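Visitor: I have a protein model open and want to learn how to read it. Where do we begin?

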Amino acid sequence: MRGAVQQEPAYVIHRRPWRETTLQVDIFTLNHGRMSVIARGGNSAKSPLKAQLQPFQPLLIDWTGKSDLKTLVQLELREAPRLSQTRALYSGLYINELLQRVLPAADPHPELFACYIESLQALAGVKVNGDVEPILRRFERAFAAALGYDFSWDQTTDTGSPVEVGRYYGYDPTQGIVSASGADARLGRLPGEALIALAGDDYSDESARRTAKRVMRVLVDFLLQGKPLHSRSLFSHSVSSSERTL
């Protein structure tokens, strides 16, 4: 079969109706990156595909086709983590929307795929009113790295100097952490002790959490190039302003 792929690990990140009873499904795959497939009959009431092609459901997918839009041949369900808590669910939708809106099509990122699985598993373990911030920040960082925007929390790019406790720094998506004198930085007043904590993947201190949120918000908005995220609106209506993590 020409252009055929079999048993490809994948997750649904978005789906929508396409031509009457057909679904167009955006998937994130291990070896092919973000792809779009059409599921013929998937939007009909009697089709099992409508229930199977759900977000966060791990799949093994067969498809065919040589154009950008492939045709789903068959799928196999695998055991799925359940995102039962509202905060975890909206966080998962946010991660999916980042992938669907920003990740280039047909560009494999196996390390990001592994991070995606780890993030879903971590979100599935979140309790009522549980903490999702470290999970989201780690995924955002892996996502940015996959797109070529990784940086060191504890090293300035403009001077090459290590970050120091008691000093303040700036951040710019195209440069990373910069000295406080950097005139072009999008963010300023980032405390050195918070940046050092983040370099050690330590989110226990409120200053570090706040700093990570500020930095990753600027980076994600830069990657989105001004496009809004629907998941942010959903999250903002479900929690108070003090609890927002996106």
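Guide: Begin with one pair of residues. Arg138 forms a salt bridge with Asp201. Their closest N and O atoms are 3.0 Å apart. Keep in mind that this is a predicted model.

Visitor: What is the general idea behind such a pair?

Guide: Side chains of opposite charge can pair when their charged atoms come close.

Visitor: Which parts do Arg138 and Asp201 tie together?

Guide: Arg138 sits in helix H4 (residues 133–146). Asp201 sits in the loop between H5 and helix H6 (206–224). The pair therefore ties together parts that are 63 residues apart in sequence.

Visitor: How many salt bridges does the structure hold?

Guide: The structure holds 12 salt bridges.

Visitor: Next, the domains. How is the protein divided?

Guide: Domain 1 covers 4–77, and domain 2 covers 86–229. The contact between them takes 18 residues from domain 1 and 19 residues from domain 2. Now take the centres. The C-alpha centres of domain 1 and domain 2 lie 30 Å apart.

Visitor: How do I read the size of an interface?

Guide: It is often given as the accessible area lost when the parts come together. Here, the area buried between domain 1 and domain 2 is about 1,500 Å². Carbon and sulfur atoms give 71% of that area.

Visitor: Which elements build the domain 1 side of the contact?

Guide: Strand E1 (5–18), strand E2 (22–29) and strand E3 (33–39) each give two or more residues to that side. The largest share, 7 residues, comes from E1. By type, the residues of the domain 1 side divide into 10 nonpolar, 5 polar and 3 charged.

Visitor: Last point. Where is confidence lowest and where is it highest?

Guide: Confidence is lowest in helix H7 (residues 230–238), at a mean of 75. Confidence is highest in helix H5 (residues 192–199), at 98. For the protein, the mean pLDDT is 92, and 93% of residues reach 70 or more.

Key: Residues numbered from 1 in each chain as written. Predicted model: local features only at pLDDT ≥ 70, side-chain atom pairs only at ≥ 80, totals over all residues. Heavy atoms only, no water. Domains from an automatic or database assignment. Contact = heavy atoms within 4.5 Å. Buried area = accessible area lost by both parts, 1.4 Å probe. Helix = DSSP H or I, 4+ residues; strand = E, 2+ residues; numbered from the N terminus. Nonpolar A, V, L, I, M, F, W, Y, C, P; charged D, E, K, R; others polar. pLDDT = per-residue confidence, 0-100. Salt bridge = Lys/Arg side-chain N within 4 Å of Asp/Glu carboxyl O.
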